[in-house]
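Student: I have a structure open here and would like to talk it through. Could you help me go over the chains and their helices?

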Amino acid sequence: MNITAARHAPRRDVGLLWHQIRYEQLSFWRNPQSAFFTFVFPVVLITIFGALFHGGGGSSYFDGLSALQYYVPTIAALSVLGSCYSQLAIVLSMRRQDGILKRVRATPLPAWAYFLGLLAHCIMISAIDVALITGIGSLFGMPLPTQWPAIALALVLGAASFCALGVAVASLIRNSEAAPAVVQLVLFPLLFISGTYMPIHSAMLNRISSALPVRPFNQALLGPFAQHTGFDWNNLAVLAAWGAAGALIAIRRFRWNPRPQ
Amino acid sequence: MRTQVTAAADMTTPAATPAGTPYASAVVVAGLRKSYGAVQAVRGVSFTVSRGEIFALLGPNGAGKTTILEILEGFRARDAGRVEVLGADPGDRSGGRALRERIGLVLQDIAVEPYLTVRETIARNAGYYPAPRDVGEVIDLVGLAGQQRKKVRNLSGGQKRRLDLALGLIGNPDLLFLDEPTTGFDPNARRDAWEVVRNLRGAGTTIMLTTHYMDEAQALADRLAVISDGQIVAEGTPATIGGRDTARARIHFTLPPGCTAADLPVDAMPAGGLVTVQTAEPTQTLHQLTGWALRQGTVLGQLTVDRPSLEDIYLRLTDHGAPERRPDNTD
């Protein structure tokens, strides 16, 4: 809480944002479901993959990469999808249904501070998750990446884009009980055809999934993580376009009120 | 010292306006209308809430109370009419932040994050306001002192409503909206909540509440309006509303054995086992009746004298085909 900065408007807004991030973090870590399924699941997954593929060399199945070189970036991407897209879509539709969003709207907290606070919170959760996944990967023998600026840009852009898509889905869902199902229904096939769990060797499938949001994100991380290439501008552009589309839907369709007028 | 602004100049200004405050009444509603599809929820409602008073909107469920409150709170758009809250239009979101810093509200539904503690929940909202009240003081005020480290999900229904009230108060509002604040409270909790509301008025907060409890309106309100079917059917103080102060007294008793209503010295209406005599002169009528009974050597069983309760007035006003409008601005 930064009440001392209350009188000074710009400093007060910065304090307000920090205040909001702190309480989002508190709500997140206190909730056992969100803490486990969003945060711990990808870490468990990479540990299992690390134990399974420990010490394996490059193979043509993984396009010349070792299994861990392949899975560390795709599971890192998965953790961002969980922390940003799934979490926001579910949490926001539940908060709306419960009337919590309506209550937020009744306070002087500006909408931008609420959403910027959520975005920063999601990026922080993603960053911790990605760092853990990378660390566990290196414990199992994956060489640490060197292209950190490219990784950082891909992560921030990916997190922001999937946050926007999460808010967009929350805007389109009417009933919060349907939210987890809708989120998984969209995400699960997308993860499979985008190569998150196994490389896809179908040129046609890859062409399709390259135009959808998950594969470009995987690719934008795979390059700098495993092949030490730099910024993957084409895939980043596709990702940014999806993020912009999500943001547009979110801005146009987002509702605070549990019941339509 | 009084500052008048043209928009508010035509309104009655009973309370002294502090210097520099550019509004005269806390809430002004004039000709308000709102429909949902073909249903007219609010049909031309006008009232004014003066600064520093407790104003109650009393009416049955579905009368339009919550719709009016939600328009004042900025949650709903109106179809027609003028609305001012602390001198600002709540429908104008551009000035919303400054307005919301000065109003507090307690809605009907409980909506709080389940995993934060009581203290954390209140402290989070305190951070949204430029000059909030002290968190510990508000916790004491609503009677949650023993529960401040408890997670919200472990609170009872009544405790959650107290927390809701705390969230309405934490910003130290000039104006507090309470939508059916004590629904679901046990009698002790209601008395406590009423005491909190009275203390707030004592500290200068203007309070507008909705309720369908007559005793609540009677106990709290300085002024009230009865709303039925989207229209205000009466307005006044709890003592005078609906002509309560000038209404005729009612004398009830059981007929002595062997008598009929026609034997009585005054006009009487049988109702159930009792007869009721209405009179503008209860002292004289009672004397006539008891004198008659003594001369007959009998008694008037279950004898009572009363005036219409607020509940009688309310039921008469809200249970009707054509609403009669009885403005009663005696204060």
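Student: What percentage of the 331 residues in chain B do buried residues make up?

Tutor: Buried residues make up 39% of chain B, where buried stands for 20 or more other C-beta atoms within 10 Å of a residue's own, exposed for 12 or fewer and partly exposed for anything in between, with C-beta atoms placed from the backbone. This is a predicted model, in which local features need pLDDT of at least 70 and side-chain atom pairs count only at pLDDT 80 or more, while totals for chains, interfaces and linings use all residues. Residues are numbered from 1 along each chain as its sequence is written, and chains are lettered from A and ligands numbered from 1 in the order in which they are written.

Student: How many helices and strands does chain B have?

Tutor: Chain B has ten helices and 14 strands, taken as DSSP runs numbered from the N terminus (H or I of at least four residues for helices, E of at least two for strands).

Student: Why is H4(B) largely enclosed?

Tutor: Helix H4 of chain B, residues 118–126, is largely enclosed by the rest of the structure because eight of its nine residues are buried. Among them are B:Glu120 and B:Arg124, as well as B:Val118 and B:Ile122.

Student: Switching to chain A, at what angle do H3(A) and H5(A) pack?

Tutor: H3(A), residues 67–97, and H5(A), residues 111–139, pack at about 160° with their axes 9 Å apart, the axes being lines fitted to C-alpha atoms over the stretch in contact and the angles running from 0 to 180 degrees between N-to-C directions. That makes H3(A) roughly antiparallel to H5(A) (under 35 degrees is roughly parallel, over 145 roughly antiparallel, 65 to 115 roughly perpendicular and the rest oblique).

Student: And which residues make the contact?

Tutor: With contact meaning C-beta atoms, placed from the backbone, within 7 Å, H3(A) contributes residues including A:Leu68, A:Val72 and A:Ile75, and H5(A) residues including A:Leu118, A:Cys122 and A:Asp129.

Student: What about H9(A), is it mostly covered or uncovered?

Tutor: H9(A) is mostly covered, with 13 of its 14 residues buried, and just after this helix A:His228 takes a positive phi of about 55°.

Student: Last topic: how many residues of chain A are in contact with chain B?

Tutor: On the chain A side there are 22 residues, in contact with 23 residues of chain B, and the largest share of the chain A side, six residues, comes from H1(A).

Note on methods. Contact = placed C-beta atoms within 7 Å.
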